[in-house]
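Student: I am new to this structure and should like to work through it step by step. May we look at it together?
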Amino acid sequence: MHPVLVRFGPLTIHTYGVLVAAGFLLGLALAVKQAKKEGIPQERIIDIGFYVLVAAIVGSRLFFVAVNAGHYLKHPLDIFKIWEGGLVFYGGLILALPAALWYIRKHNLGTWRITDIFAPSIAIGHAVGRIGCFAAGCCYGRSAELPWAVTFHDPECLATTGIPLHPSQLYESAGEFLNFLILITLRRYQSFKGQLFWTYIFLYSVLRFVVEFFRGDEARGYLFGGISVSQGISVIMGIVAISVIAGKLLNKKGA
């Protein structure tokens, strides 16, 4: 749609990178604000944000490269071109969680307390980042004859050009904005530690499973019956999340 934000001679600033960075900074700012309310030093939250950022970028890229190993074996230097897109959220989450947990436990900050602080931030940051995907044309949708279908024309974008497509990036972005609103509302009525985090995992699992049906990019792995790798992960994480939430609520009710 608009993959390059601006060019200064040999320097090219990609819209994708700018929006991903903006999403991260917005999420981090909201986490710092909430941490202050709970008496947690902001430097601890900023440190966690740094470790999570590095781990998430590495994990999300490695996951994407693994799924598309055929291409990267032939073009190994493309592995480092993250400004062109190609970051899988689940891969980032899988590596970012251990990094965050290591730091949280090292400084005795309270695992579920911190994950609850960050849950809405992940949602809003991801929502903004997906707009970056839309700008770059990555994670594009299937062909569609709908009033809101979008047609990419920029030759530098990663989407199929000249054909109306589902704006799958915006579907996910809108869903993540909604998840953010649900989480900040739930925070007022939270009944157990970890509730916001596990609720986010469940909400995102459902969202990602649904959005995958509208995705049209071929650079995705599949399991069986047309189910993508991301949908398989969504099912597993969704079941785990709803099991934890149900167990906590039942224990609380029975107490």
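Student: Which residue in the turn between strand 1 and strand 2 has a positive phi?

Tutor: The model is a predicted one. In it, strand 1 (residues 4-8) and strand 2 (residues 11-14) pair in the antiparallel sense over four bridges, one of which joins valine 6 to isoleucine 13. The two strands form a hairpin with two residues between them. The turn residue with a positive phi, of about 60 degrees, is glycine 9.

Student: Is valine 32 buried or exposed?

Tutor: Valine 32 lies in helix 1 (residues 15-37). A residue counts as buried under 20% relative accessible area. Because its relative accessibility is 12%, valine 32 is classed as buried.

Student: What distance separates the C-alpha atoms of valine 32 and isoleucine 46?

Tutor: Leaving aside residues up to four places away in sequence, valine 32 touches Gln42, Ile45 and Ile46. Along the chain, valine 32 and isoleucine 46 are 14 residues apart. The separation of their C-alpha atoms is 7.4 Å.

Student: How far apart are the end C-alpha atoms of helix 7?

Tutor: Helix 7 covers residues 195-211, and 13 of its 17 residues are buried.

Key: Residues are numbered from 1 along each chain as its sequence is written. This is a predicted model: local features need pLDDT of at least 70, side-chain atom pairs count only at pLDDT 80 or more; totals for chains, interfaces and linings use all residues. Side-chain values use heavy atoms; hydrogens and water are left out. The expected span of a helix is 1.5 Å times one less than its number of residues. Buried means under 20% relative accessible area, exposed over 50%, partly exposed in between (1.4 Å probe, protein chains only). Contact means heavy atoms within 4.5 Å. Two strands pair if DSSP finds at least two bridges between them.
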